[in-house]
Amino acid sequence: MSADACPICGGSAFDSLGVVAGTITQRQFQLCRCRACQFVFVANPWLEYDLIYSEDYYNGRGADTKLNYVGEVQNPTRTVRRYEWRGVLERVRSLAHVSERTAWLDYGCGTGGLVEYLRSQSVDAIGFEQGWCVELLRKNCTPILNEDDFDRNSGSFDVVSAIEVIEHTPDPIAVLRTIRHLLKPGGLLFMTTGNAEPFRDRITSWRYVTPEVHISYFEPATLARALRAARFEPLFPGYGPGWQDIIRYKLLMSLRRKWSNPVEGVVPWGLMARSIDARLRLSAQPVGQAAG
């Protein structure tokens, strides 16, 4: 990614938003915003993926120490991540028909927690991941696709989820086009990613900015534009079933709570989740329906 042309709209006029220091490197990362479409990106991203997304990263010793993907799949009934898994399934069920015959791809599946949860709920789920995780996924017998499988699986999936994925890529439209290639016409893409719009005037202080791994930041209109470029119809269903659990996980994760606790039962999660969403506007991001 460079500041020569915006990867979303092709614009060439940018505002410099400031510099953010890395967490595991000594690098300084420059944030820029496209004046035409409001896409915010790291202009000098670190793209040594083998170093970034290493075994340490997936064990919570990388750029984002709040996460421990390996621990989640080893302890699926204890991890607070299970709220997100449950919420994603509930949200998708509110937007599309889901049954045991639904072909669901979790794109960027990490260590496979969502895939395994979906399969435990009788959903025909499979994952896609690259790098260090692949051997762990195979060891755990989690079903996965490889890039070599994409062409023969063109138009095979009813649902694709991409949970906290799109912000990691320097070329979001290319990723969305790959996902569109895999979806059936009319199929659903459900993503989660931070909403940059509430932080437009203070982006460098936004806690979501982790510049070694999060290099692309979207406002809803910008993400909708990217979806259209990849032959999706963007839809804006807003807050609804599933978001309470998704936000519950995000709050606990931000507080560095990795394991569930009986004390959580006294929290009014319905009110809490709506209050957080009113401020962060996570549910304002669009979903994508694959165009015919």
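1. Asparagine 195 touches Trp206, Phe218, Glu219, Pro220, Leu280, Arg281, Leu282, Ala284 and Gln285, where residues up to four places away in sequence are not counted and contact means heavy atoms within 4.5 Å. Asparagine 195 is located in the loop between E8 and strand E9 (216–217); strands (E, at least two residues) and helices (H or I, at least four) are DSSP runs, numbered from the N terminus. With a relative accessible area of 1%, asparagine 195 is buried (buried is under 20% relative accessible area, exposed over 50%, partly exposed in between; 1.4 Å probe, protein chains only). Glycine 22 is 173 residues from asparagine 195 along the chain, and their C-alpha atoms are separated by 21 Å.

2. On the basis of these values: the model is predicted, local features need pLDDT of at least 70, side-chain atom pairs count only at pLDDT 80 or more, and totals for chains, interfaces and linings use all residues. Residues are numbered from 1 along each chain as its sequence is written, and side-chain values use heavy atoms, with hydrogens and water left out.

3. Arginine 281, one of the contacts of asparagine 195, lies in the loop between helix H10 (269–280) and E11. Arginine 281 is not a glycine, yet has a positive phi of about 55 degrees. Its relative accessibility of 34% makes arginine 281 partly exposed. Most residues other than glycine have a negative phi. Arginine 231, which follows H8, has a positive phi near 70 degrees.

4. The largest nonpolar core has 58 residues, of which Val88, Val92, Trp104, Phe190, Ile203, Trp206 and Tyr217 touch the most other members; a nonpolar core is a set of buried Ala, Val, Leu, Ile, Met, Phe, Trp, Tyr and Cys residues joined through side-chain atoms within 4.5 Å. Helix H9 (residues 243–254) gives the most to this core, namely 6 residues. Apart from this core lies another, of 35 residues, including Cys32, Phe128, Val165 and Val175. Phenylalanine 190, leaving aside neighbours within four places in sequence, has contacts that include Val88, Val92, Leu95, Trp243 and Ile246.

5. Helix H4 (residues 81–95) packs with helix H5 (residues 113–120) at an angle of about 60 degrees, their axes being 10 Å apart (axes are lines fitted to C-alpha atoms, for helices over the stretch in contact, and angles run from 0 to 180 degrees between N-to-C directions). H4 is therefore oblique to H5; angles under 35 degrees count as roughly parallel, over 145 as roughly antiparallel, 65 to 115 as roughly perpendicular and the rest as oblique. Trp85, Arg86, Val88 and Leu89 of H4 make the contact with Gly113, Leu114, Tyr117 and Leu118 of H5.

6. The axes of helix H7 (residues 172–182) and helix H8 (residues 220–229) come within 8 Å and cross at roughly 50 degrees. H7 is thus oblique to H8. In this pair, Ile173, Leu176 and Arg177 of H7 meet Ala226, Leu227 and Ala229 of H8.

7. Pro220, Thr222, Leu223, Ala224, Ala226 and Leu227 are the buried residues of H8. Their packing partners are H7, strand E8 (183–192), strand E10 (232–235) and strand E11 (287–290). Pro220 also touches asparagine 195.
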